[in-house]
Amino acid sequence: MSQKLTLETLESWLWESANIMRGSIDSSDFKNYIFGLIFLKRLNDVFEERVVAIMDDEQCTRAEAMDIEKEDGDYFVPLNARWDYIIQRTENIGEVIDEAFGDIEARNSYLEGVLTAIQFGDKAKLGDDLLARLLRHFNRYNLGNQHLYKADMLGDAYEYLIKQFADDAGKKGGEFYTPKPVVQLLVRLLDPQPGHTVYDPTFGSGGMLVESAHHVAELPGGQIMGRPNVALYGQERNLGTWAIGKLNLYLHNMNADLRRGNTLVEPLHLEQDSVRVFDRVIANPPFSAKQWWTPLEVNLKTKVGKDGKEKEVAPNYKKEVYDSYGRFGYGIPPRGYADLAFVQHMLASLKDDGRMAVVLPHGVLFRGGEEGKIRQGLLKGTSEQPGDRIEAVIGLPEALFYNTGIPACVLVINKQKPANLKDKVIFIDASGEFAEGKNQNRLRAQDIDHIHEAHSAAFHNGVEEDKYCRLVSMGEIAGNDYNLNIARYIDTSEVEVPVDIAAVLSQLSVISGQLAEVDAELDGYLSELGLTFVFPDVEVV
């Protein structure tokens, strides 16, 4: 057998495929085609491994092994979707690949709509010559399990590519990718356990679900038959991003219930007439999404202004938004800021003893109006909704994310806070600890450890850390009109050393005398040499 692929070689080889496409199509489109071909090659190579294994185990012919795999195998590859068939095509290659993906989807309900979301048959973008080059490139290595150091190594390489494409896409990268250190922080704060259900309402490329599963797999009882002992759920609005996330989980050998649609308007994980509830909910929703309640935005009313021109009339969200699932019990967020709509959806999706962590812009902590009322409700409660929901507010460094340079925060919400945290909120200011990058900063392992350890110490033992972590009473928060701006609760300014003016003047006087003695001594030397020099007077104030 040939030498097994290392992760470094695999990553480098896969990224080279982007360079083949560069200049032919927009870089933001690379990922869809490359991820599709990675999947196709991986599926074929694993299929071929299974056929050979059946031939060895059953002592049968190749044709007989094919029939057994077709009958029993989960991922049987139809004839026209096999790699050897596709790579021999010289014309209409894109159409051949599209047909192959359609046939694969027809045999696998999990992949329905995932592969056909990628259109290879558009010759204006992908000509036969370019596709032939890509196929030759992907033919270089075998992606079967026997050729990799570990079975889910391709999942790790896939995540590497997602990051590379996010880097390449710049601000657009933030639409589908959350930097891994931020993901690791959220997962460690939530600490999902074996047997838990984990839900991400804006799962993007699936990184938070994958990291949650990895976390559980490392715990005692964290694996069942080689797979993480955790049930994963998610919803994503963007078709291309949804497809990337589905493939990401597949290539990590993880099962997940991932659905496509607008989570705020049409949540798809339901139980009877309510949203389904989970043990852990985790997300990095789009920052301050505008016009977020689509039913009100589709057909806007118009009126004629004083200038005689027709203008659209902005809908009144407070009066007109109606959610049949009852998720917005603390209030309706304004039209220009969907942040607390996502927070309330996530809260409604939590079990009675569940916890959630969400990345948000800092404005959520202090903006007034309807957002201020919602924030107060989460802390104080309302006549219909319980309060004391917020467990922790954690300030992050600036420029961690692709789509914005502003600093963000993590809000941890707990439906069943322990007795020692009742009517208290943990505040952590981690804004000053990070590794500086050219275009983007990042959290280091020690930064994540510091946040996690400070949170854990405050959560379990009420321990605080000067200028970094505080346990703040609800009374103090109420005194600040339920403003959660971290700077109000943690003073990170350095104490200036007081200056003793009298002592400084006394010291200057001594120095002045010493200078006079030196001047006199120097005058003596000059006199002996027959020279004279007049020194300017130095006045001490």
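1. Contact here means heavy atoms within 4.5 Å. By that rule, and leaving aside neighbours within four places in sequence, L154 is in contact with L10, L14, I38, R42, L143, L148 and L251. L154 sits in helix α7. Helices (H or I, at least four residues) and strands (E, at least two) are DSSP runs, numbered from the N terminus. L154 is buried, with a relative accessible area of 1%. Buried means under 20% relative accessible area, exposed over 50%, and partly exposed in between (1.4 Å probe, protein chains only).

2. A word on the basis. This is a predicted model, in which local features need pLDDT of at least 70 and side-chain atom pairs count only at pLDDT 80 or more, while totals for chains, interfaces and linings use all residues. Residues are numbered from 1 along each chain as its sequence is written, and side-chain values use heavy atoms, with hydrogens and water left out.

3. Overall form. The chain's secondary structure comes to 18 helices and 15 strands. Its radius of gyration is 31 Å, well over the 24 Å that the globule rule gives for 541 residues, so the chain is more spread out than a compact globule. That radius is taken over C-alpha atoms, and the rule is 2.2 Å times the number of residues to the power 0.38. Along the principal axes, the C-alpha atoms fill a box of roughly 115 × 75 × 65 Å.

4. Of the 541 residues, 49% count as buried. Among contacts with a separation of 6 or more, 72% come from residues 24 or more positions apart. The chain exposes about 26700 Å², with carbon and sulfur atoms supplying 48% of it. The areas come from the Shrake-Rupley method with a 1.4 Å probe; for residues, only the protein chains shown count as cover.

5. The sheet. Nine strands form an open sheet in the order β5-β4-β1-β8-β11-β13-β12-β14-β15, with mixed pairing. β5 (256-260) and β15 (469-473) stand at the edges with a single partner strand each, so one side of each has no neighbour in the sheet. From one strand to the next, the twist averages 15°. Two strands pair if DSSP finds at least two bridges between them.

6. Strand pairs. β8 and β11 pair in the parallel sense over five bridges. In this region I282 stands opposite A357 in β11. β11 and β13 pair in the antiparallel sense over seven bridges, and A357 stands opposite V412 in β13. β12 and β13 are also antiparallel, over five bridges. G395 stands opposite C409 in β13. Nine of the 12 residues of β11 are buried, so this strand is largely enclosed by the rest of the structure.

7. Helices on the sheet. α9 packs on the sheet and touches β1 (197-200), β4 (231-236), β5 and β8; its direction makes about 160° with that of β1. α16 packs on the sheet too, touching β11, β12, β13, β14 (424-429) and β15, and its direction makes about 160° with that of β14. Axes are lines fitted to C-alpha atoms, for helices over the stretch in contact, and angles run from 0 to 180 degrees between N-to-C directions.

8. Is helix α8 enclosed or open? Eight of the 11 residues of α8 (residues 180-190) are buried, so this helix is largely enclosed by the rest of the structure. The buried residues are P181, V182, V183, L185, L186, V187, L189 and L190. They pack against α9 (207-217), β8 (278-283), β11 (350-361), β12 (390-395), β13 (408-414) and α16 (445-461). Just after α8, D191 takes a positive phi of about 50°.

9. Aromatic pairs. A search of the whole structure finds 17 of them. The rings of W15 and F165 have centres 5.3 Å apart and planes at 65°, so the pair is edge-to-face. Rings of Phe, Tyr and Trp (its six-membered ring) pair if their centres lie within 6.5 Å; planes under 30 degrees apart count as stacked, over 60 as edge-to-face and the rest as tilted. This pair links distant parts of the chain, with W15 in helix α1 (residues 7-21) and F165 in helix α7 (residues 153-169), 150 residues apart. W15 counts as buried at 16% relative accessibility, and F165 is buried at 3%. Ring pairs link W15, F35, Y158 and F165 into a cluster.
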